Amino acid sequence: MTHWSLVYESFDPKQESLREALCTLGNGCFATRGAAEEAPADEIHYPGTYLAGGYNRLDSSIAGRTVTNEDLVNFPNWLLLKFRPEDGDWFNLMAVDIISYRQELDLKNGILKRTVRFRDHDGRESTIASRRLVHMADPHVAAIEYSITPENWSGRAVVQSALDGSVVNAGVARYRELNSKHLETLGMHEFEPDAVCLLVQTNRSHIHVAEAARTQVYRGAELIEPERESFRDESVIGQELAFELEQGETVTVEKIVALYSSRGRAISEPSFEAKLAFQRCGRFRDLLASHERAWKFLWRKCDVVMKSDNSDQMVARLHIFHLLQSVSPNTVGLDTGVPARGLHGEAYRGHIFWDELFIFPFYTFRLPQITRSLLLYRYRRLNTARCLAAAEGYEGAMFPWQSGSNGREETQTVHLNPRSGTWGPDYSRYQRHVNTAIVYNTWQYFMLTGDKEFMVSYGTEMILEIARFWSSMTQYNRRTKRYEITKAMGPDEYHEKYPDSDTPGLRNNAYTNVMAVWVLERALELLDWLPRENLREMKEKLALHNDEVERWRDVTRKMTIPFHGRGIISQFEGYEKLQEFDWEVYRKKYGNIERLDRILKAEGDSADRYKVSKQADVLMLFYLLPPKELRRIFKQLGYEFDDNLVRRNIEYYMARTSHGSTLSKVVHASVLDRVDRTAAWEMFRAALASDVTDVQGGTTPEGIHLGAMAGTLDIVLRHYGGIDTTGETIAFYPRLPAALHGLHLRLRHRDRWYELDIDDQKFSLTVDADGSGPVAVNIEGEMHELTPGTTHEFPLIARAYESVG
């Protein structure tokens, strides 16, 4: 394993599903899991292909009820490429003696490589070496180079190349009782002697997808013409190619694939475009050159160099790699959001959640045009969010907890507990804080880019309508003379309602309330910022009157924040009345208790009764807002915020959190960095390893956790790089953990690229030469003017975190 490669030196069937997720290749338009070319979907392999925005909705009858789900669809498998000696069996890793095996995900160049040397049951030894890419520069193209070398035999060989449209959505075991057949075949044909085409459509959303495959055989540089025999089934089309092999001689099969959908841009019809693509493709080596060049450009902007004594560097690059495959410059202009589990599997049905709160900063600091495009996905669904709010009796716009194709609420009303096998009510839709995430991302994009046109045309309207929603959720309590929010769930997710209550939701979740105040403040700030004519038009469009604005202002001064004990922010009102939980008993009984909610429900109990958290809730306040901002809000609301409040609350909630979400360790690593850097570093490394080690024991094979991946990189930038963009001027307060000996990264702020290089003693900062005149930056609290194109060096200063608060 190198800093640029994820390597497996043996074949392990039990680990294959995890490896397939981690070795997924994509380009922001589509992605394909890293399954072996010869492998169909079975109990070991799952070769899924997913299209950005490729959703379909199906009804299922289960347990006497009709359930409707919208899923990110598994589209036809284009990988199928397998080999056999003419008188032998098809190559199957489970049926041969493996002499040597190596699989490498080349992160630098975006290539999946595999070399297998094996012996079949007739004693023939062969080597198969494959390279695969999903093209980053041409988002409709993928390719496989498949080389066969007979080591101790000569004879005739057969290769089968196919496109398989019979696939279903079966990548998540707990969904398999549900209707999973999303595709119907519209047509298939051979359009050249060496090329076939398959056209399918989703059966409800009617997305047409065409795949075309050209398969050619080379002996060295010479193109040879094998004997070809076409075959087809109801939803499968392909060719079998027969040719001679000589001992020790390598023959290479190249399979070039084009994938087009009716969701694509600048196309006429998917089948026509897929067939036309081969006019520009050339050979595998030609595609590889332009593909590697595209990755080189992305790494120049996005790489993070960490100098540590372990594998952290490779894992950080793995996170960057998967972020850029899930959403890339190719995604810009597509009407799509970013699924919480990437384009790597079918978990969460490919839906968009609040995870974008953790995901967007990666793009905003490096490729802000991507963030803009993703925010427009939300804006285009603003009217649907208005309808959702009205249906619940609220004003403004209320975005759904789970979003898919059109922005309606995709969260189910019932949920299957995989531990107990029983169905129960699903109240997760009451996590209204997804709306805060949208405002936070919109505001951060504006702060980092200064994109006034976006804010005038799109961002302001979203923020004002979400502010209106939060205001309508508040109720004025005449007894306390404060505003309250009821019937909401916080990020914790374990607590859906009060014990023994049949009514979902909680009163005055602290995170929800404080962030609602923050949203209302941003809305008020925008009303002051908007140019006069735009302000007049916006108020008229939204029928926004002064008395409503004054109520917003009143809420920002009188919102409720619950406390208990000695300065502990209550997760929600009444939290202090819950029972303490016996963590040790349950750890001894179950081992891993990260999904404590499912364990308790299987026992007939409920997490609602205990002081337990799945993930950070109150601590999310310290993750999103610097101490000085929180201190100001608390003071404005009439609450104390003393110097030890952060530490007290971190210690209190750390002891009561199971980390049942991969996001939890990201948040805890971030907030811990303020009070215990050693513990914070260990928590960071645990968060970093979440997917590569499948820490949750089976969730990563269903799709990576994109929020955790992006969140770890944000810790590196904001904490270790010390980047602070809360003011008009970018500020740098770098400080490395003891185990990190150097850090190098680039970031973009207000159309300027900055290059930061840190070691144990000093750090250097370079502003790219583009633009004229000096650039003002804040270095450790002092203003400096930097000359573009010149490297400036500064000493590394030990300091307390609060100094950047």
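At what angle do helix α6 and helix α9 pack, and how far apart are their axes? The legends below describe this and other close-up views of a predicted model.

**View 1. Helix α6 packs against helix α9.** Helix α6 covers residues 356-364 and helix α9 covers residues 434-449; the two pack at an angle of about 15 degrees, with their axes 9 Å apart. Angles under 35 degrees count as roughly parallel, and α6 is therefore roughly parallel to α9. The crossing of α6 with α9 is right-handed. On the α6 side, the contact is made by Glu 356, Leu 357, Phe 360, Pro 361 and Thr 364. On the α9 side, Ala 437, Ile 438, Tyr 440, Asn 441, Gln 444, Tyr 445 and Leu 448 take part. Sorted by class, the residues of the contact of α6 with α9 are eight nonpolar, three polar and one charged.

**View 2. Helix α5 packs against helix α20.** Helix α5 (residues 312-326) meets helix α20 (residues 677-688) at an angle of about 50 degrees, and their axes are 10 Å apart. This angle makes α5 oblique to α20. The crossing of α5 and α20 is left-handed. Helix α5 contributes Asp 312, Val 315, Ala 316 and His 319 to the contact, and α20 contributes Trp 681, Arg 685 and Leu 688. Four nonpolar, one polar and two charged residues make up the contact of α5 with α20.

**View 3. Strands β31 and β32 form a hairpin.** Strand β31 (residues 775-779) and strand β32 (residues 782-786) run antiparallel and are joined by five bridges. Val 777 stands opposite His 784 in β32, and the bridge partner of Asn 778 in β32 is Met 783. Two residues lie between β31 and β32; Glu 780 in the turn has a positive phi of about 55 degrees.

**View 4. An open sheet of four strands contains β31 and β32.** The strand order is β26-β27-β31-β32, and the pairing is mixed. β26 (723-724) and β32 stand at the edges with a single partner strand each, so one side of each is left without a neighbour in the sheet. Strands of a sheet pair through backbone hydrogen bonds, either parallel or antiparallel.

**View 5. Another open sheet of four strands has antiparallel pairing.** Its strands follow the order β6-β11-β17-β16. The edges are β6 (81-85) and β16 (227-232); each has a single partner strand, so one side of each is left without a neighbour in the sheet. Neighbouring strands of this sheet are turned by 20 degrees against each other on average, direction ignored. β16 and strand β17 (residues 236-245) run antiparallel and are joined by six bridges. Phe 231 has Gly 238 of β17 as its bridge partner.

**View 6. Glu 9 forms a salt bridge with Arg 102.** The closest N and O atoms of Glu 9 and Arg 102 are 3.4 Å apart. Glu 9 lies in the loop between β1 (5-8) and α1 (16-22), whereas Arg 102 lies in strand β7 (residues 97-106), so the pair ties together parts that are 93 residues apart in sequence. Side chains of opposite charge can pair when their charged atoms come close. The structure holds 69 salt bridges, including this one.

Technical notes
Residues numbered from 1 in each chain as written. Predicted model: local features only at pLDDT ≥ 70, side-chain atom pairs only at ≥ 80, totals over all residues. Heavy atoms only, no water. Axes fitted to C-alpha atoms, helices over the stretch in contact; angles between N-to-C directions. Parallel < 35°, antiparallel > 145°, perpendicular 65-115°, else oblique. Left-handed = near helix turned anticlockwise from the far one by under 90°. Contact = heavy atoms within 4.5 Å. Nonpolar A, V, L, I, M, F, W, Y, C, P; charged D, E, K, R; others polar. Pairing = 2+ DSSP bridges. Salt bridge = Lys/Arg side-chain N within 4 Å of Asp/Glu carboxyl O.
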